[in-house]
Amino acid sequence: MHVYQLLSFSPLEKFPGELLYDIVSTLPRQDLLRVRLVSKTFATAAASSLFHTIPVWLGLKSLEQFKAISEHHQLSQYVKEIVFSPLRFIDHGSADQYLDQIRRLPSHGSSWEDSQTLTSAGHIAAYKSSIETQRRLSSQGIDSQILIEGMRRLPQLSSITVDFLNFSIGCLELMTAFGTLKAGLSLTYDCEHLLPLIFGAMIASKANIKTFKLGEHEDFRQDLQGFGTRCSLLESLSSARDGGRNHPRTISSEALLNTFYLADEPKGRKTLRELRSLEISSIETNSDHGEELNETMTAIRQIIGLSPNLEKVTLGEISDKVSGKMPSLISAFGSSKLQRLQKLDVYNYASEANDMVHFFRSHAATLVEIRLGWMTLLDGNWSSLLTRLRQVKFLRLKHFVLNDCDDNEVDLEVQNYVLGKTDFDPIVEARTMRDNLAST
């Protein structure tokens, strides 16, 4: 029996409100939709969880739904986070130009089979309508105005996520217009358009945003098992991974630079000063001369530099796909000193020992949790670095974890050694244990 069927029994109507809300909050989104149909009591209980996080893409129906939620006297009180997908239909111009592009699809696999149905008058009409709507939303600033007014009406809104690898948000609206047609080569993830739009809306609305995330959101993960059916507007992941021109798998340095590096003006600085948490998922650049990686790190450094009150910083893997080059820790933080930094998660960076010591000494008074993953030391070794960090006066440090550093594939807790609570070097202990296991 499904949970929503169980909840339909009348005795549960007598549950204390707080307990009912706690039970309902554990349900997945698809069950919350069903629970809302049980009764008014359960509709109210489910609403707080269902509308806590709402997905939005720059399509007409999606923006209309966002507008309706923001104007609803009750539902607007529940929204705390918006997750944006930059999914957009590629504007090939006229319908004839679009059709010409479709006819050039590879003559094998599902793309060829799907291209046969793309010649239908109904599909071409859907393309014309979609492109016309997309142009009107952008050129007349309708999308911007809806976002600004909506953010103003959401009193609890505190988090913005740009899920630049999302394969779900927006698909339903496109499938309604185009049917179950794989049109991956006709879609793109246009962060160059979306990011400045969102940041401009944040500034104009004066929304109290505390958390900004760039990357996959846990509530809207890609459903890989049902990829061919539920998200049937998109091509297979193998095609997307080929690095096709219209399938950017990551956010571009241009989008980051246009949004944040140029945000150094009074209203932009004021908005970023409100940030308390910055999370950036894995980003791949693709440049044989390394400029894109440098520009990406410049933009990230600008975000951090304009956000002095950050309490949590998470930086996922950022690397160049061509050269394999990793950024340095100093390229992300520069000379910035975050007065409130408590939690630091950094993955796949390279750093010199002196830079690491200087960074931790600068933030020793506030840091509580540190996690370093797949970090590369450009000089010295981890034992010597930890020995130097024992001289740093951490005032609040509780957890310091190294993951996959110095050939350790598991989490290695080093806080007791760094804080002087033990004199046993955890790096040496871990290495000795590995050697013993290997010998047996």
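Modeller: A salt bridge here is a side-chain nitrogen of Lys or Arg within 4 Å of a carboxyl oxygen of Asp or Glu. The model is predicted. By that rule, the count comes to 13 salt bridges. Let us walk through three of them.

Start with E71 and R153. Their side chains meet in a salt bridge at 3.7 Å, N to O. This pair links distant parts of the chain. E71 belongs to helix α5, residues 60–71. R153 sits in the loop between α9 (142–152) and β4 (159–162). The two are 82 residues apart. How covered are they? E71 has 42% relative accessibility, so E71 counts as partly exposed. R153 is partly exposed too, with a relative accessible area of 36%.

Next, D91 and R135. Their closest N and O atoms are 2.7 Å apart in a salt bridge. Again, distant parts of the chain are linked. D91 lies in the loop between β3 (87–89) and α6 (95–103). R135 lies in helix α8, residues 121–139. They are 44 residues apart. D91 has a relative accessible area of 37%, so D91 is partly exposed. R135 is partly exposed as well, at 42% relative accessibility.

Now R390 and D423. They form a salt bridge, with the closest N and O atoms 2.8 Å apart. R390 lies in the loop between α18 (382–389) and β15, while D423 lies in the loop between α19 (415–418) and α20 (426–439), so the pair ties together parts that are 33 residues apart in sequence. R390 is partly exposed, with a relative accessible area of 25%. D423 has a relative accessible area of 61%, so D423 is exposed.

What about charges gathered with like charges? K206, K267, K270 and R273 gather in a patch of positive charge on the surface. Residues in such a patch have no salt bridge. Take K270 from that group. K270 lies in helix α14, residues 266–273. Its relative accessible area is 53%, so K270 is exposed.

For contrast, look at A46 in helix α4, residues 40–50. A46 has a relative accessible area of 0%, so A46 is buried. A46 and L32 are 14 residues apart in sequence, and 5.7 Å apart in space, C-alpha to C-alpha.

Notes:
Residues numbered from 1 in each chain as written. Predicted model: local features only at pLDDT ≥ 70, side-chain atom pairs only at ≥ 80, totals over all residues. Heavy atoms only, no water. Patch = residues over 30% accessible without salt bridge, like charges linked within 9 Å, V, L, I, M, F, W, Y side chains within 5 Å. Areas by Shrake-Rupley, 256 points an atom, 1.4 Å probe, with all protein chains shown as cover. Lys, Arg positive; Asp, Glu negative; His and termini not counted. Charge placed at Lys NZ, Arg CZ, Asp CG, Glu CD. Helix = DSSP H or I, 4+ residues; strand = E, 2+ residues; numbered from the N terminus. Buried < 20%, exposed > 50% of the residue type's maximum accessible area, 1.4 Å probe, protein only.
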